[in-house]
Amino acid sequence: ELIQILTAAVAAPASVVLAPEPSFVMYRRNAVVAHARYVGVPLAVDFGLDVDAMLAAIERERPALVWVAFPNNPTGNLFDVAGIERIIRAAPGLVAIDEAYYAFADASFLSRVLDFQNVVVVRTVSKIGMAGLRLGYVAAHPDWIAEFDKVRPPYNVNALTQAVLPGM
Ligand SMILES: *Cc1c(COP(=O)(O)O)cnc(C)c1O
């Protein structure tokens, strides 16, 4: 749902949503549903980011939203941080770092969210064994949160989930 919310917040019709490929399928799905244009940039042969290809695509397409799954799904690897930083600096719009698998990695952008104007981190409790709760969260500057809130469905985190995880 956060992928849908972020996409709806920043991707106007005909704008571009960009991600390396293969990556999480819902980036494309939600871009298409939002009438945005999805651009996938193939990973390098070692499943790392092809940073030069990403930078060229960002320059060419001027994406409203770039997704970076960190670690990536389905390849399971952690992309090079320096490469991601170059993508963040080159991107004209939002860069969403998707840390669904944060529990299985020893690196994170969470503490660095406010170091960049255009970075947010999204997480979910799904991959730590609680997919049925349907709970995710986004860490971002309050200005970004205010924009996401405009397209968030009302009461989207149900009462049972809030009762089980009151700290979230
Ligand atoms: C599983 C997953 C999500 C979201 O999972 P939900 O169950 O919808 O919270 C998001 N991104 C990646 C990369 C995932 O693997």
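**From a buried asparagine to the ligand**

Asn30 has its place in helix H2, helices (H or I, at least four residues) and strands (E, at least two) being DSSP runs numbered from the N terminus. The model is predicted, so local features need pLDDT of at least 70 and side-chain atom pairs count only at pLDDT 80 or more, while totals for chains, interfaces and linings use all residues. Residues are numbered from 1 along each chain as its sequence is written, and side-chain values use heavy atoms, with hydrogens and water left out.

A polar atom of the Asn30 side chain lies 2.8 Å from the backbone oxygen of Met26. Leaving aside residues up to four places away in sequence, Asn30 touches Ile3, Gln4 and Thr7, where contact means heavy atoms within 4.5 Å.

Asn118 counts as buried because its relative accessibility is 12%. Not counting residues up to four places away in sequence, Asn118 touches Ile88, Ala91, Gly93, Leu94, Val95 and Trp144. Ile88 also belongs to the buried residues of helix H4 (residues 81-90), together with Gly83, Ile84, Glu85 and Ile87. The cover over the buried residues of H4 includes helix H3 (51-61), strand S3 (65-69), strand S4 (94-98) and S5.

The ligand is surrounded by Phe24, Tyr27, Asn73, Asp98, Ala100, Tyr101, Thr124, Ser126, Lys127 and Arg134, each with a heavy atom within 4 Å of it. Three of these side chains can be followed to oxygen atoms of the ligand. For Asn73, a polar side-chain atom lies 2.8 Å from a ligand oxygen. An N or O atom in the side chain of Lys127 is 2.6 Å from an oxygen atom of the ligand, and for the side chain of Arg134 the distance is 2.8 Å.

Attention now turns to the lining of the largest pocket. The residues of this lining divide into 18 nonpolar, seven polar and seven charged; Ala, Val, Leu, Ile, Met, Phe, Trp, Tyr, Cys and Pro count as nonpolar, Asp, Glu, Lys and Arg as charged, and the others, Gly among them, as polar. H1 gives the most to the lining, with four residues.

Definitions and conventions. Buried means under 20% relative accessible area, exposed over 50%, partly exposed in between (1.4 Å probe, protein chains only). A polar contact is a pair of N or O atoms within 3.5 Å; within protein, one must be able to donate a hydrogen and the other to accept it, and residues adjacent in sequence count only if both atoms are side-chain atoms.
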